[in-house]
Amino acid sequence: MESVDEGMCVTFLVRHAWLSMRSAVAVALAEHDLSVQQYGTLLVLRENPGQTIAEVGRKVGTARQSANELITGMERSGLLERRPNPADRRTHQIYLTESGQSRLAEATPKVRAVEENLESALTPTDRAAARAWLTRMVNPEVPIDEP
């Protein structure tokens, strides 16, 4: 890849960084029989149990139909379960099973190790700045501590 300069499009730099990270994380997750999307789904549901399929789809960046297929496969694997939504009879809420919680707990140290390796050339200050920027891009309402 070219050296980074001020003229490069940030959107494509972020996309290339994501694709590179996704490939590295996918290798680590394969040891746990998980895809990157499945891992993301487990993370979303650990942090926000009871999400609907549409909500999970939005958070993992996929269409509702694709999210439904993803959830169905994970449900068949025993990682998730659907429960009736008391607020809306037309939808279900999705929860991690014990197996899903265990698989997530087993895979997370491997994912963190990959992230540490990818960040190893960054100074602690650069890491903090990158994380703050990414957090702000994902959640513009989250306050960022100023140095």
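**Salt bridges and core**

Modeller: Gladly! In this predicted model, salt bridges join Glu-116, Glu-119, Arg-127 and Arg-131 into a network.

Biologist: Which helices hold Glu-116 and Arg-127?

Modeller: The closest N and O atoms of Glu-116 and Arg-127 are 3.2 Å apart, in a salt bridge. The two residues lie eleven residues apart and link distant parts of the chain. Glu-116 sits in helix α5 (residues 98–119), and Arg-127 in helix α6 (residues 124–138).

Biologist: Is Glu-119 buried or exposed?

Modeller: Glu-119 also meets Arg-127 in a salt bridge, at 3.7 Å from N to O. Its relative accessible area is 15%. The cut-off for buried is under 20%, so Glu-119 counts as buried.

Biologist: And is Arg-90 buried or exposed?

Modeller: Arg-90 pairs with Asp-88 through their side chains, 3.1 Å from N to O. Exposed means over 50% relative accessible area. Arg-90 has 74%, so this residue is exposed.

Biologist: How many salt bridges does a search of the whole structure find?

Modeller: The Arg-90 and Asp-88 pair is a salt bridge, and so is the Glu-116 and Arg-127 pair. A search of the whole structure gives a total of eight.

Biologist: Turning to the core, which element supplies its largest share?

Modeller: The largest nonpolar core has 24 residues, and Leu-80 is one of those touching the most other members. Elements that each supply at least two core residues include α1 (10–30), α2 (36–47) and β2 (92–96). The largest share, five residues, comes from α2.

How values were computed. Residues numbered from 1 in each chain as written. Predicted model: local features only at pLDDT ≥ 70, side-chain atom pairs only at ≥ 80, totals over all residues. Heavy atoms only, no water. Salt bridge = Lys/Arg side-chain N within 4 Å of Asp/Glu carboxyl O. Buried < 20%, exposed > 50% of the residue type's maximum accessible area, 1.4 Å probe, protein only. Helix = DSSP H or I, 4+ residues; strand = E, 2+ residues; numbered from the N terminus. Core = buried A, V, L, I, M, F, W, Y, C linked by side-chain atoms within 4.5 Å.
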